[in-house]
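The sequence and structure come first.

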Amino acid sequence: MTRKIYFIQAMQEGLRAAMAEDDSVVVIGEDVDRSIIGATRGLVGEFGEDRVRNTPISEATFVGACVGAAAVGLRPVVDLMVGSFFYVAMDQVANQAAKLRYMSGGQVDLPIVYFTATGPSGSGAAQHSENPHPMLMNVAGLKIVMPSTPYDAKGLMLSAVREPNPVIYFQDFVLGGTKGEVPEEPYAIPLGVADVKRRGTDVTLVAIGALVPKALKVAAALEKEGVSVEVIDPRTLAPLDTDTILESVGSTGRLVVCDSARLTCSAASEIVAAVTENAFGVLKSAPQRVAWEDVPVPFSPVLEKRVLVDEDRIRAAVLKTLA
């Protein structure tokens, strides 16, 4: 049975299902008992303070502590609250969590989920608006998910908690209040499998996170003008499902990639590079990247809008591939 629920509720249902099936799953982070964002709200009453633990405001401390907890048998789910806070704990994530399974020769599993609300939320300003997924994609040993719908949010959360390796789970701020059809029963969506959100024949449009709904709106509008756009949501950025993207480009011959991050070294850049290397011969035009300007995200609403990706920029990129 399905019903429409909020993205945040879907995340919580996935987490609750994981905690119910495995007593080793613990939730750790700042204010996880009351949860400002909402994903862990109410869990302390259901599972108790031993499994839902508040921490001091010291990201490096609790992110690092959870590496040790995972190494000795727990499955910590760590609420980092805001994506920008990864920078405070980069040594613990990149040097410890990401590398210890490899450095132990596979003797130590590190089943950790670091989840956070990420990206601009409307004048969050430079220190609370980051989308650090491109930087973390470059860290070997991490898996990275970024769902765009409540359905994907629930299924990817359960898979992330079950995963024996560290997973970064990004929940785009602006998607938290969106609604979608979600089954009541637990289900898992495999990591590393993209989803074709809309079929099309003229252009492949790959969109990430909060840009998926924008891409779908652009595709629907262009359909009325005789342009058929296929929209692909990677869902998992590491490992990246390049096969699904290449199959689509093989059919359409055109590619646009939209990324909620800065253009330089973006996920969009990686996807375009992969397609160019593996499917150059089928391309009918140069691939297009649509991403943020290479500047800090401004506080000013007018300037913030100028820096970020909107539907007009996506539409222009699609039409450029058809010119």
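Helix H1 and helix H7 pass each other in a right-handed crossing, where right-handed means that the near helix is turned clockwise from the far one by less than a right angle, and left-handed anticlockwise. Helices here are DSSP runs of H or I with at least four residues, numbered from the N terminus. The contact (heavy atoms within 4.5 Å) involves Phe7, Ala10, Met11, Glu13, Gly14, Leu15, Ala17, Ala18 and Glu21 on the H1 side, and Pro150, Ala153, Lys154, Met157, Leu158, Val161 and Arg162 on the H7 side. Sorted by class, the contact of H1 with H7 has 11 nonpolar, 1 polar and 4 charged residues. In this scheme Ala, Val, Leu, Ile, Met, Phe, Trp, Tyr, Cys and Pro are nonpolar, Asp, Glu, Lys and Arg are charged, and the others, Gly among them, are polar.

The model is predicted: local features need pLDDT of at least 70, side-chain atom pairs count only at pLDDT 80 or more, and totals for chains, interfaces and linings use all residues. Residues are numbered from 1 along each chain as its sequence is written, and side-chain values use heavy atoms, with hydrogens and water left out.

Two packed helices are described by the angle between their axes and the distance between the axes. The axes are lines fitted to C-alpha atoms over the stretch in contact, and angles run from 0 to 180 degrees between N-to-C directions.

| Helix pair | Angle | Axis distance |
|---|---|---|
| H1 (residues 7-21) and H7 (residues 150-162) | roughly 30° | within 7 Å |
| H9 (residues 242-252) and H10 (residues 267-279) | about 60° | 10 Å |

H1 and H7 are therefore roughly parallel, whereas H9 and H10 are oblique. The cut-offs are under 35 degrees for roughly parallel, over 145 for roughly antiparallel and 65 to 115 for roughly perpendicular, with the rest oblique.

H9 also crosses H10 in a right-handed sense. Thr242, Ile245, Leu246 and Val249 of H9 touch Ile271, Ala274, Val275, Asn278 and Ala279 of H10. That contact comprises 7 nonpolar, 2 polar and no charged residues.

The structure has 0 disulfides, a disulfide being a pair of cysteine sulfur atoms within 2.5 Å. For cysteine 265, the nearest cysteine sulfur belongs to cysteine 258, 18 Å away. Cysteine 265 is exposed at 62% relative accessibility, while cysteine 66 is buried at 1%. Buried means under 20% relative accessible area, exposed over 50%, and partly exposed in between, with a 1.4 Å probe and protein chains only.

Alanine 221 lies in helix H8 (residues 211-223) and is partly exposed at 35%. Its C-alpha is 9.2 Å from that of arginine 315, 94 residues apart in sequence.

Conventions
Helix = DSSP H or I, 4+ residues; strand = E, 2+ residues; numbered from the N terminus.
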